[in-house]
Amino acid sequence: MRSKGIDVSEHQGVIDWAKVAKDGVQFAVIRAGYGRELSQKDKQFERNYAGAKAAGIKVGAYWYSYADSVKRAEEEAETCLKVLEGKRFELPIF
């Protein structure tokens, strides 16, 4: 069985999630952000998360990493968890 999914970030602009669902997309992996700072949260993450959920699309997320050490990876992971706090996902966090 095949599933149709997409990977999105702020680079796709404002997404019409109802249209995406109508086109048969069943899941989305949404960029939550990148790096170590909360200011690096993806500018469309909240909108994409809410829109996909409202359209009945299963959601996962990813954090783009620049870590070059264990310490920096831990800092990035902490920031990612802050951004994802309180959200529910049907798919993994990458």
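Helices here are DSSP runs of H or I with at least four residues, numbered from the N terminus. By that rule α3 is followed by Gly86, whose phi is positive, near 85°. The model is predicted.

**Helix α3**
- Helix α3 spans residues 70-84, 15 residues in total.
- From first C-alpha to last, α3 reaches 21 Å, close to the 21 Å expected at 1.5 Å a residue.
- Glu76, Thr79, Cys80, Val83 and Leu84 are buried in α3. They lie on the same side of α3, because they cover an arc of only 135° around the axis.
- The other side of α3 holds exposed residues: Val70, Lys71, Glu78, Leu81 and Lys82.
- Packing partners of the buried α3 residues are β2 (27-34), α2 (45-54) and β3 (58-64).

**Salt bridges at Glu75**
- Arg36 and Glu75 form a salt bridge, with the closest N and O atoms 3.1 Å apart. Arg36 lies in the loop between β2 and α2 and Glu75 in helix α3, so the pair ties together parts that are 39 residues apart in sequence.
- Arg36 is partly exposed at 34% relative accessible area; Glu75 is partly exposed at 23%.
- Lys71 also meets Glu75 in a salt bridge, at 2.5 Å from N to O. Lys71 and Glu75 are 4 residues apart in helix α3, so about one helical turn separates them.
- Lys71 is exposed, with a relative accessible area of 55%.

**Other salt bridges**
- Asp68 pairs with Arg72 in a salt bridge, the closest N and O atoms being 3.7 Å apart.
- Asp68 is exposed at 63% relative accessible area, while Arg72 is partly exposed at 36%.
- The count comes to 8 salt bridges.

Technical notes: Residues numbered from 1 in each chain as written. Predicted model: local features only at pLDDT ≥ 70, side-chain atom pairs only at ≥ 80, totals over all residues. Heavy atoms only, no water. Helix = DSSP H or I, 4+ residues; strand = E, 2+ residues; numbered from the N terminus. Expected span 1.5 Å × (residues − 1). Buried < 20%, exposed > 50% of the residue type's maximum accessible area, 1.4 Å probe, protein only. Arc of directions from axis to C-beta. Contact = heavy atoms within 4.5 Å. Salt bridge = Lys/Arg side-chain N within 4 Å of Asp/Glu carboxyl O.
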